[in-house]
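Please look over the sequence and the structure first.

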Amino acid sequence: MERDYSYIDTKKSILTRKLYFKDSVLNIINAGIVVVGFSIFAGFFIFSINRDIDNKVIDDYTYFIFKIIGAIICIYIVYRKLTEKKLFSIKTNLSKDQARQIIDNYFERLKYRSWNSTMDMASYSDNSTFLGVYNYFIIPLDNEILFTVIKDQERLPLPAIITLWTTRSDLKRVLSRHA
C-alpha cells in the first residue's frame with residue numbers, strides 16, 4: 001500500500017529525529033502484522049534452539065547455525081520496521097546548500113526520481129526494483145545530514161534492510177569527497 005508523503009513536517013522531524021508524516025490506518029496495521037509475524041518467527045527459531053540444547057541433540061551444527069541466523073534476521077527485520085522512520089545522521093563540514101547540491105547531483109546521477117522536495121528536505125525514489133519502491137528522505141542541515149530510507153510495496157511491507165546501510169556509506173563517501 002502506497003503511503004501518502006504529501007505532508008511531511010520537516011521542523012518536527014528535525015526536533016524528534018524521526019520522519020513525521022500522517023500514516024493511514026492500513027499502513028499501521030500492515031506494520032503491526034510484520035512486527036508480530038516476524039517476532040513469532042524469531043520466537044520459533046529461538047525456542048527450537050533452546051529445545052535442541054535442552055535435549056542435547058545438536059549433532060548437525062549447520063542446522064543450528066541456520067536457526068541462529070534465521071532468528072537474527074527476524075529480529076533485525078522487526079527492529080528496522082519499528083525504527084523505519086528514524087532519521088540517521090551523517091556529520092559533515094558542508095553548509096546546508098552545499099550538501100543539498102551534492103546530494104541532488106548524486107541522486108540525479110543514479111537516475112532516481114525527485115519528488116515532493118522542498119527547501120528543507122529532498123525526496124527521491126527508485127522505481128527500478130521488483131521488490132517495491134525505495135523512498136529516500138534527506139534533510140540537509142549545516143554540518144549534518146539527516147536521512148532515512150522507507151520501502152513501499154504492496155503485499156508484504158518489509159522495511160529497507162540493506163539499502164539503508166549502502167545509502168549511508170555512499171552518502172558519507174560522496175559528502176567527504178567534497179568536504
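Along strand β5, E144, L146, T148, I150 and D152 point one way, I145, F147, V149 and K151 point the other way, and all are buried. The model in which this is seen is a predicted one. Nine of the nine residues of β5 are buried, so the strand is largely enclosed by the rest of the structure.

**The chain and its sheet**

The chain holds five helices and five strands. Read from the N terminus, its elements follow the order α-α-α-β-α-β-β-β-β-α. The chain has 179 residues, and 44% of them count as buried. Among contacts between residues at least 6 apart in sequence, 59% join residues at least 24 apart.

The five strands make an open sheet with the order β1-β5-β4-β3-β2 and antiparallel pairing. At the edges are β1 (88–91) and β2 (113–114), each of which pairs on one side only.

Strand β5 has two partners to consider, β1 and β4. With β1, the pairing is antiparallel and runs over four bridges; in this region K91 stands opposite E144 of β5. With β4, nine bridges join the two antiparallel strands, and P140 stands opposite I145 of β5. Strands β4 and β5 also form a hairpin with two residues between them, and N143 in the turn has a positive phi of about 65°.

Further along the sheet, two bridges join β2 to strand β3 (residues 122–126), and these two strands run antiparallel. The bridge partner of R113 in β3 is S125.

Helix α4 (residues 96–109) lies across β3, β4 (133–141) and β5 (144–152), and runs at about 160° to β4. Helix α5 (residues 162–177) packs on the sheet and touches β1, β4 and β5, with a direction that makes about 150° with that of β5.

**Salt bridges**

The count of salt bridges comes to seven.

| Pair | Closest N and O atoms |
|---|---|
| R17 and E144 | 2.8 Å |
| K96 and D120 | 3.1 Å |
| D104 and R100 | 3.3 Å |

R17 is partly exposed, with a relative accessible area of 34%. E144 is buried, with a relative accessible area of 9%. R17, K91 and E144 are linked in a network of salt bridges.

D104 and R100 both lie in α4, four residues apart, which is about one turn of the helix. D104 is partly exposed, with a relative accessible area of 27%, whereas R100 counts as buried at 16% relative accessibility.

**A buried aspartate without a salt bridge**

Which side chain of opposite charge is nearest to D126? D126 lies in strand β3, and the nearest such side chain is that of R113, 9.2 Å away. D126 is buried yet has no salt bridge; a salt bridge needs the nitrogen and the carboxyl oxygen within 4 Å. The side chain of D126 does make a polar contact, at 3.5 Å, with the side chain of Y112. Leaving aside neighbours within four places in sequence, D126 is in contact with Y112, G132, V133, Y134 and Y136.

**A glycine in helix α2**

G32 lies in helix α2 (residues 25–54). Is G32 buried or partly exposed? At 29% relative accessibility, G32 counts as partly exposed. G32 and L82 are 50 residues apart in sequence, and their C-alpha atoms are 9.1 Å apart in space.

Key
Residues are numbered from 1 along each chain as its sequence is written. This is a predicted model: local features need pLDDT of at least 70, side-chain atom pairs count only at pLDDT 80 or more; totals for chains, interfaces and linings use all residues. Side-chain values use heavy atoms; hydrogens and water are left out. Two strands pair if DSSP finds at least two bridges between them. Contact means heavy atoms within 4.5 Å. Axes are lines fitted to C-alpha atoms, for helices over the stretch in contact, and angles run from 0 to 180 degrees between N-to-C directions. Buried means under 20% relative accessible area, exposed over 50%, partly exposed in between (1.4 Å probe, protein chains only). Lys and Arg count as positive and Asp and Glu as negative; His and the chain ends are not counted. A polar contact is a pair of N or O atoms within 3.5 Å; within protein, one must be able to donate a hydrogen and the other to accept it, and residues adjacent in sequence count only if both atoms are side-chain atoms.
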